[in-house]
Amino acid sequence: LDRNLAEAHAVKARILSEGGRHEDASAEIEVALRLDPESYEVNRAAAYLRFRQKRLHESILHFEKALALMETDVSSANMLMTCYLAVGDGEAAHRAAQITLDRAQKTLAQDPSNGAAMGFCCYALALLGQAESAKGWMSRALLIDPDNTNMRYNFACTLATFLKDVDGAIELLDPLFERISIGLLNHAKADPDLDSVRNDPRFKTMVANAEARLAAADGGAV
């Protein structure tokens, strides 16, 4: 209805990206950025799109912008850890980890059972070298909210990236992939945090089964 609404183009870009239509999503996000380059929602959408396209330096720029625009945004700080590690900037990754930890702890002070915040804390602690604290957070969180998709995904990334526990990561991902959305599946395919498990036959089977399930569901809907 309003072609000049930047956030609407950003939402459309996100939907297209989650479906794997990255070129169409790019066209929408370019319109959104032209209309409102200072929009939090637009920069977040642009950051995730570039991440899934493996254009990490561009993704970093937009995640940093989103982080500056919204002081309660923990997810962007968490994504910046992954991006900076992938491009080899350890100092920036540590800075992002501290921001993630600070913001996640503020969230947990208000909502102690927030699974997403627990997942962010765990990843940040592991990056900062506090492996035992990260494991403790993980154990407590899985008791409190064992079915939280985003939390389990972040824990799997923590195990795969920092704790070198491929079996543990696979164990966490297995039930998640049985119900994974197309958006998160495409995200997982591009996520450098999962590079250490990507060639594991169990992971390949999980991806193939998820793709088959989603294709069947899409065909059934048609």
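Tutor: Buried means under 20% relative accessible area, exposed means over 50%, and partly exposed lies in between (1.4 Å probe, protein chains only). The model is predicted, so local features need pLDDT of at least 70 and side-chain atom pairs count only at pLDDT 80 or more, whereas totals for chains, interfaces and linings use all residues. Residues are numbered from 1 along each chain as its sequence is written, and side-chain values use heavy atoms, with hydrogens and water left out.

Student: Which residues of α4 are buried?

Tutor: An α-helix has 3.6 residues a turn, so residues three or four places apart point the same way. What covers the buried residues of α4 includes α2 (22-35), α3 (40-52), α5 (75-86) and α6 (90-110), where contact means heavy atoms within 4.5 Å. The buried residues are Leu56, Ser59, Ile60, His62, Phe63, Ala66 and Leu67.

Student: What geometry does the pair of tyrosine 48 and phenylalanine 63 have?

Tutor: Rings of Phe, Tyr and Trp (its six-membered ring) pair if their centres lie within 6.5 Å; planes under 30 degrees apart count as stacked, over 60 as edge-to-face and the rest as tilted. By this rule there are three aromatic pairs. The centres of tyrosine 48 and phenylalanine 63 are 5.1 Å apart and their planes are at 85°, so the geometry is edge-to-face.

Student: How many residues apart in sequence are tyrosine 123 and phenylalanine 162?

Tutor: These two residues form an edge-to-face pair, with 5.0 Å centre to centre and 80° between the planes. Tyrosine 123 lies in helix α7 (residues 115-127) and phenylalanine 162 in the loop between α9 (149-161) and α10 (166-177), so the pair ties together parts whose separation in sequence is 39 residues.

Student: How many disulfides are there?

Tutor: A disulfide is a pair of cysteine sulfur atoms within 2.5 Å. For cysteine 83, the nearest cysteine sulfur, that of cysteine 157, is 12 Å away. For cysteine 122, the nearest is that of cysteine 121, at 8.7 Å. By this rule the number of disulfides is zero.

Note on methods:
Helix = DSSP H or I, 4+ residues; strand = E, 2+ residues; numbered from the N terminus.
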